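Hi everyone, thanks for coming along. Today I'd like to walk you through one structure, a piece at a time, so please have a look at it with me.

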Amino acid sequence: MPAAVPIAQGRSSSAPASIEGDSGVLLPANRFYDEESQRISNLIDEELRKESQKQREARRKQVKVMLLGQAESGKSTLQKQFQIYYASQSLDRERPFWKPVVHFNIIRAVKTMLEEIDYELSQPEGEDSGVESDPEYNEPGPSSAGPSSSSHRRHNKSKQPSAAPEHVFRPSANELETLSVLRTRLLPLVALHDSLASELSGGVSFSRGLTGVFVRAGWQGLLQSNPGSRAGKGSVVGVAGLAAKALDSSREDIQALWAHSSVKELIQERKLKLEESAPFFLDNVARIAEPDYLPNLDDVLNVRLQTLGVIEHSFPINLGGTMYDWRLYDVGGARGQRHAWIPYFEDATAIIFLAPISAFDQYLEEDPRTNRIDDSLQLFTTICSNKLLKKAHLVLMLNKTDLLKAKLKAGIRVQK
Ligand SMILES: Nc1nc2c(ncn2[C@@H]2O[C@H](COP(=O)(O)OP(=O)(O)OP(=O)(O)O)[C@@H](O)[C@H]2O)c(=O)[nH]1
Ligand SMILES: [Mg+2]
């Protein structure tokens with residue numbers, strides 16, 4: 001690059017007539033301007049080239065992975081597993097915020113048990129109480145790993161043929177008395193269900209396909225900024241605090257209900273269908289109801305919390321000495337949520353499609369006529385044929401194998 005060229009003194013700065021060249025020879029001013037503008041233009045070109053190279057490199061090191069699959073397929077659970085491996089400190093920091101969500105999972109299970117008992121008791125003798133079973137997919141049999149809530153099953157019972165032998169739920173007088181006492185004692189806890197759901201969901205009203213607690217990006221921050229719901233150790237304020245207190249004083253009743261022969265019978269008969277993770281939380285209620293309870297990793301992994309929209313998680317991942325910026329997109333999988341996926345397709349590096357193979361005897365929460373395996377297959381076909389995804393790598397993950405094993409062991413058979 002040439003040294004700064006002195007401009008001839010005493011001339012108007014706007015239009016010098018001539019300048020001195022390197023050799024001391026006077027050069028015409030136009031030539032100087034040509035050279036100078038060329039030099040600046042070259043500099044700009046060089047800067048632009050460097051910038052675009054930088055951007056290309058950043059793009060190359062950025063890996064965008066979308067977690068796709070129907071609701072409850074385990075997308076958020078897989079995201080949490082990535083977080084455990086690559087950003088365990090952030091998950092550790094989040095543990096207090098999971099406390100009211102774990103509490104909600106228990107309250108929801110208690111509510112479902114009581115509602116199902118009430119419903120069964122209200123049925124006239126001899127009436128089919130609507131065992132959810134589809135002979136096309138499975139043989140009826142005992143199960144402790146039922147999927148959706150019983151209330152959901154009930155309003156759909158006319159649509160699904162029952163092949164189960166008639167079973168009438170008629171507890172003994174003693175059993176009825178215990179149930180009635182437990183029901184009364186657990187009512188204050190169950191009464192907190194709706195307000196806790198609303199608080200955890202940030203006050204968003206329930207809409208189609210969303211039946212539990214659901215979260216958008218940054219939900220932990222929302223809980224943090226709302227002192228009423230602060231979920232830290234021993235907190236006793238707000239609905240979350242009330243729920244913690246109510247749970248603390250109800251733990252023995254919850255244990256008694258969970259161990260009650262009527263509950264066992266309804267589960268055995270596949271009339272009572274709790275959420276998949278409910279048995280885990282009910283088995284651990286004594287620990288979880290402790291006032292200074294802090295969720296452990298197992299609790300966080302087992303929690304059921306619906307995702308709303310698309311939530312981006314970023315992980316720096318070191319592969320062979322190169323740092324990659326992994327962007328994981330966890331999406332809401334219910335049918336009403338799937339339109340939000342499309343804008344993310346174009347620059348997706350990879351798709352991890354989750355298809356729970358234990359779902360062969362389950363139906364969609366948002367469309368109780370659709371078998372969950374059918375829906376997964378249909379969704380997978382649509383994803384595979386989407387032109388926007390033609391360059392994306394595709395990983396198919398058949399998960400919930402533990403639940404499949406449990407079902408097969410319990411005597412449920414796949415027919416289709
Ligand atoms: N037993 C078992 N449970 C699992 C497995 N994977 C996920 N779950 C549970 O399944 C439930 C649903 O999982 P989520 O990760 O919330 O499902 P999701 O796909 O994010 O659902 P949406 O956000 O509604 O689209 C949670 O209670 C998880 O703990 C698995 O492999 N085995
Ligand atoms: Mg989710």
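Let's start with what pairing is: two strands pair if DSSP finds at least two bridges between them. The strands themselves, and the helices, are DSSP runs numbered from the N terminus, where a helix (H or I) has at least four residues and a strand (E) at least two.

A word on what you are looking at. This is a predicted model, in which local features need pLDDT of at least 70 and side-chain atom pairs count only at pLDDT 80 or more, while totals for chains, interfaces and linings use all residues. Residues are numbered from 1 along each chain as its sequence is written, and chains are lettered from A and ligands numbered from 1 in the order in which they are written.

Now, the sheet. Five strands form an open sheet in the order S6-S7-S3-S8-S9, and the pairing is mixed. Which strands stand at the edges? They are S6 (310-319) and S9, each with a single partner strand, so one side of each has no neighbour in the sheet. From one strand to the next, the twist averages 20°; angles here run from 0 to 180 degrees between N-to-C directions, and axes are lines fitted to C-alpha atoms, for helices over the stretch in contact.

Let's walk across it. S6 and S7 (residues 322-331) run antiparallel and are joined by ten bridges; Glu312, for example, has Tyr329 in S7 as its bridge partner. Further along, S3 (residues 62-68) and S8 run parallel, with four bridges, and Leu67 stands opposite Ile352 in S8. On to S9 (residues 393-399): seven bridges join S8 to S9, again in parallel, and here Ile352 stands opposite Val395.

Is S8 mostly covered or mostly open? Strand S8 (residues 350-356) is mostly covered, with five of its seven residues buried. Buried means that 20 or more other C-beta atoms lie within 10 Å of a residue's own; exposed means 12 or fewer, partly exposed is in between, and C-beta atoms are placed from the backbone.

Next, a helix joins in. S8, helix H13 (residues 372-384) and S9 make a right-handed β-α-β unit, where right-handed means that, with the strands pointing away from the viewer, the path from the first strand over the helix to the second runs clockwise. H13 lies across S3, S8 and S9, at about 165° to S8. Contact means that the C-beta atoms of two residues, placed from the backbone, lie within 7 Å.

Finally, the record. An unreviewed UniProt entry annotates a "binding site" covering several residues, including Leu301, Leu305, Thr307 and Asp402. UniProt positions are given in the numbering used here, feature names are shortened, and annotations may be inferred rather than shown by experiment. The annotated residues span 102 residues in sequence, and the farthest two C-alpha atoms are 23.0 Å apart, so they do not all gather at one spot.

Let's visit three of them. Leu301 sits in helix H12 (residues 297-302) and is partly exposed, with 18 other C-beta atoms within 10 Å. Leaving aside residues up to four places away in sequence, Leu301 touches Thr77 and Lys80. Leu305 is in the loop between H12 and strand S5 (306-307), and counts as buried with 20 C-beta neighbours inside 10 Å. Thr307 lies in strand S5 and is buried, with 22 other C-beta atoms within 10 Å.
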